[in-house]
2 protein chains.
Amino acid sequence: MLPDSAPDHPEPLKELLHDVSKKIIPGLTHWQSPSYFAYYASSTSVAGFLGEMLSAGLSVVGFTWLTSPVATELEVIVLDWLAKLLQLPDHFLSIGNGGGVIQGTGCEAVLVVVLAARDRIMKKVGNTSLSQLVVYASDQTHSSFRKACLIGGIHEENIRLLKTDSSTNYGMTPKSLEESISSDLETGFIPFFICATVGTTSSAAVDPLVPLGKIAKSYGIWMHVDAAYAGNACICPEFRKHIDGVENADSFNINAHKWLFANQTCSPLWVKDRYSLINALKTNPEYLEYKVSKRDEVVNYKDWQISLSRRFRSLKLWMVLRLYGAKNLRNFIRDHVNLAKHFEDYVAQDAHFEVVTTRYFSLVCFRLAPVDGDEDKCNERNRELLATVNSTGKIFISHTVLSGKFILRFAVGAPLTEEKHVNEAWRIIQKHASIHNKKY
Amino acid sequence: MLPDSAPDHPEPLKELLHDVSKKIIPGLTHWQSPSYFAYYASSTSVAGFLGEMLSAGLSVVGFTWLTSPVATELEVIVLDWLAKLLQLPDHFLSIGNGGGVIQGTGCEAVLVVVLAARDRIMKKVGNTSLSQLVVYASDQTHSSFRKACLIGGIHEENIRLLKTDSSTNYGMTPKSLEESISSDLETGFIPFFICATVGTTSSAAVDPLVPLGKIAKSYGIWMHVDAAYAGNACICPEFRKHIDGVENADSFNINAHKWLFANQTCSPLWVKDRYSLINALKTNPEYLEYKVSKRDEVVNYKDWQISLSRRFRSLKLWMVLRLYGAKNLRNFIRDHVNLAKHFEDYVAQDAHFEVVTTRYFSLVCFRLAPVDGDEDKCNERNRELLATVNSTGKIFISHTVLSGKFILRFAVGAPLTEEKHVNEAWRIIQKHASIHNKKY
C-alpha cells in the first residue's frame, strides 16, 4: 500500500492524513477502544496527552542535572508525590539514600535493579564468577525477568522459577523459596536476587511480600517488587494491603502507563539505595562533566538507567496527578475494578462458564467449564471461543495457560470502557459459546 | 516551589500552565533555542511533533505484530526507506535476513548488538566463560559502549579502548586494532566485537570503516557502526563517503532524533542478520502467543530490543520523511554544516584562537590558542572562557578534552539556528576572550 522509497519532495499534510485514515487506522489493534479487554490496558488520558505534547514541544534532554535542571528536579518531586500516594516507606523517598526514577518500561526497571544487585553482590563476595549467582522468582513472573537476567550474564540454569499452583491462587510459596535458597547455599551457589510480583501478567496473582521480604532480608538478598499493573491500584486504601511488606523490598516498580492514565511510556521505579544503581550504571565522560556534579549535590538520572538520553519524563505524570487529583484517579481505578466485578458476576451466573482464579483487581480469568471432566476438549473449546470472539472484531480479549488449563482473560482498563461495553462483550462471548456448545 | 504531595482534588489547567511558565520554563536548558550549540542537538520539527501527537493519541502498543500489525509493518517499510536514503547495502533491508528496528537510543542499540554478538560467539565456541571475551573500540567511543559491555557481563579489563591522537584526527588506527586482536588471540582471549564510530561525541572523529571492516571480517568479529550523530548527514551524497565500508559491518545505527528532525526518541538500527538479535533477545510467554507468529511469517519487534512494550515508533519518522521529502532534509543538514563552516572561518581568522580538529560535519572544535606554548595556562583560560560565555545565558556551548587539551565545542543543529545566531555567538565568545586576554 506504500511506495518502495521515501519521497524526494515534500508531500502535503492532507495527503498524509488521508493515508493515516485509509492505510494506518485499519491496521491498528485499537488499544484505546472501550471494547478492548486484552492483556493489560495501556491507559491514556487528556492530561497524559497534554503532557506528551508539552514534553515533545519543549524537547529537552535531561541526562544530567545541568542539561535541564527542572527536568531532573520535577522528577524527584513527582516520584516523592507518587510514593506518598502509594504509602511507600520513607526509605524510598528522595530525602535519604533512596529515590525514584522514571524508566521507559517495567522491563528496563527490572534490568537495572538486577544489574545493581549483581554489582553489589560481586563487590561483596569478591573473586567469583557469574556462574555462581542465582536468582529466584515464581513461574508466573513476567518474561522480562528471565530476559534481564540473561542480559546480565546470569546463567539460564541458575534462574529458579518456583512452581505455583491454584492452592495459592498462583502466588509464590515462601516455603519453596526458602527451600530453594537453602539447597543452593548448600551446593555453593550465591543467591542474590528475588523478583516478587504483585499482579502477575497471566492472572494478576499476588506474591506474599511479607514472608518473602523476611526471607530476602534474612539472607541479604535483593528483593524487587514488580507491581507493573496492580501497583497502580494501591493508591486506593482498599488495595494497599496487596503491597504490605514492601518495606522489606529493595526496589519497587509500577507502570503508570498501564493503569494510572499516564500514556506510554511512564514506569516509575523506587530504590532503597540509589547508590547501588549509580555504582552499577554510572559513566563519566569528560564531555558531560560540570562542576556541580563533582560535589555529588545533584541527581544525574543517566546513572539510574540504561540509556544516556531521556526526555522530560516527569512532566506528564505531574500533569496527570494535578489535573485529576488523587481522588479522581482512585475513582477511575475503582470504576474499572467494579466493571470487572460486574463481568465476573455474569460468568459466575452462567453454568457453562467458570471463574478460574480469585479476582483481586480488574482482571477476570475465566473459561468455558469442562464437560464430563474432559480437560483436553475443554482447552480446545476455549481456544476456539477465543478465536471466534476476537474474529468478530467487536471486542478483543486474550488468553493464558495456568496448570495446563487454557484460560480466557478479560482485563478492564481502557479509559472509555463503560458498563454497556462490558455487557455487550459478555453478550458476544455468550453467543459464541452457545454456538460452540451446540457443536459439541 | 512545589508542594510536598500530590493534590487530592483536580486543579485547573490554567493554574498548571501558569506554573509551567513560572516554575518549569525558567529551569530548562533550552535545547531548542537557536543559540544552543552544546553537545549535539536534539533536532525537532513540526512533522516530528505531529508524529508524536498522533502516536500519543492512537496510543497502541506494538510489541508483537498482532498487537497492532500496522505499527510493525510501517516500521519495516520506513526503515527500508531510510536505509535506501543512506545507500546502505541490501543486506540491511528487510528483503533478506537483515532489517531495521527503531530503538529508543543509541545506547540501547549498542547494547542489543553487543548481546547478539555475545550470544553468537558463546554458541560458536561452546564451553567458555564471559571472562574470555574481548571487545574493541577507540578511546573516543561513546561511554554507552563500555556501559553496554559491562551490562552484558564483559569484564572491564577486556574492553580495549585503543588510543587515538591528532595524527588521525582521533580516528581509530587499523594497525592498533590488528595488533590488539593478534595479541589477544595469542594469549587465549576471544575477540568478538568491534565498535567503530562515525562522528564521535567529542570531536566528530571518523573511524576508517573500510580497513576496520576488513579486519573484522577476516577474524569473524561482529562490527557495529555507531553513527548516532553524523550518520544522519549521510543522506547527502557529499557526506556518504564517511560510511563507505559499512557493507562489512554487522550493524549500523543513527539517532534520527539528533539530526534528522525526528524528535526524541528515534534511533534506527539495522542488522545484517536479524536472527542474531532474535536468538539473543526472544521471549515466548504463553499469554503473547498467537497463531501467525508460530509460522515465523511476521516480525515481532519485542525480540529485537530490551523492552517488551513499544510505542508506534515509525509513525513519526514516516511523517518526517514524507512531509519534508529527502530534498529538504538534505538542505536542512547542509545549512547546519554551512553555518558550522561559517563559524570555523571566524575562528581561523582570529589569531587568538585555533581550530583544533578537522571539521567534517556541523561541529567545530576550537580553543583559545596557547601563549608561549603554555598548555596548562591555555587549558585554564579555555575553561574560564567556557564558564563565562555560558554564564551570560545568551548561548550554550560545551567542551571536551583531547590529548590533554581542554577544547570548546560549537555544534550547530538546533532547527531555528540562522547565520545571525552564529554571528552573535562568535561576538559573545570573542568579547569574553578579549576580557580574558587582558587578564593574562
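How many Å separate the centres of domain 1 of chain A and domain 2 of chain A, taken over C-alpha atoms?

**Entry 1: the two domains.** I am working with a predicted model. I first looked up how chain A is divided, and found domain 1 at 49–321 and domain 2 at 325–439. Taken over C-alpha atoms, their centres are 31 Å apart. I then turned to the contact, to which domain 1 of chain A gives 25 residues and domain 2 of chain A gives 21 residues.

**Entry 2: buried area.** The size of an interface is often given as the accessible area lost when the parts come together, so I looked that up next. Between domain 1 and domain 2 of chain A, about 2200 Å² is buried, with 65% of this area coming from carbon and sulfur atoms. On the domain 1 side, I noted A:N169, A:W259 and A:F261 as the residues that lose the most area to domain 2, together 27% of what that side buries.

Entry 3: How many salt bridges does the rule find across the interface of the two domains? I found one. I also looked up the side chains of A:R334 and A:E238, which meet in a salt bridge at 2.6 Å, N to O. For polar contact, my notes show 11 residue pairs across the interface of the two domains.

**Entry 4: who lines the domain 1 side.** Here I noted that α8 (237–240) and α12 (314–349) of chain A each supply at least two residues of the side that touches domain 2. The largest share, three residues, comes from α8(A). Sorting the residues of this domain 1 side by kind, I wrote down 16 nonpolar, seven polar and two charged.

Technical notes: Residues numbered from 1 in each chain as written. Chains lettered and ligands numbered in written order. Predicted model: local features only at pLDDT ≥ 70, side-chain atom pairs only at ≥ 80, totals over all residues. Heavy atoms only, no water. Domains from an automatic or database assignment. Contact = heavy atoms within 4.5 Å. Buried area = accessible area lost by both parts, 1.4 Å probe. Salt bridge = Lys/Arg side-chain N within 4 Å of Asp/Glu carboxyl O. Polar contact = N/O pair within 3.5 Å; in protein donor to acceptor, adjacent residues only side chain to side chain. Helix = DSSP H or I, 4+ residues; strand = E, 2+ residues; numbered from the N terminus. Nonpolar A, V, L, I, M, F, W, Y, C, P; charged D, E, K, R; others polar.
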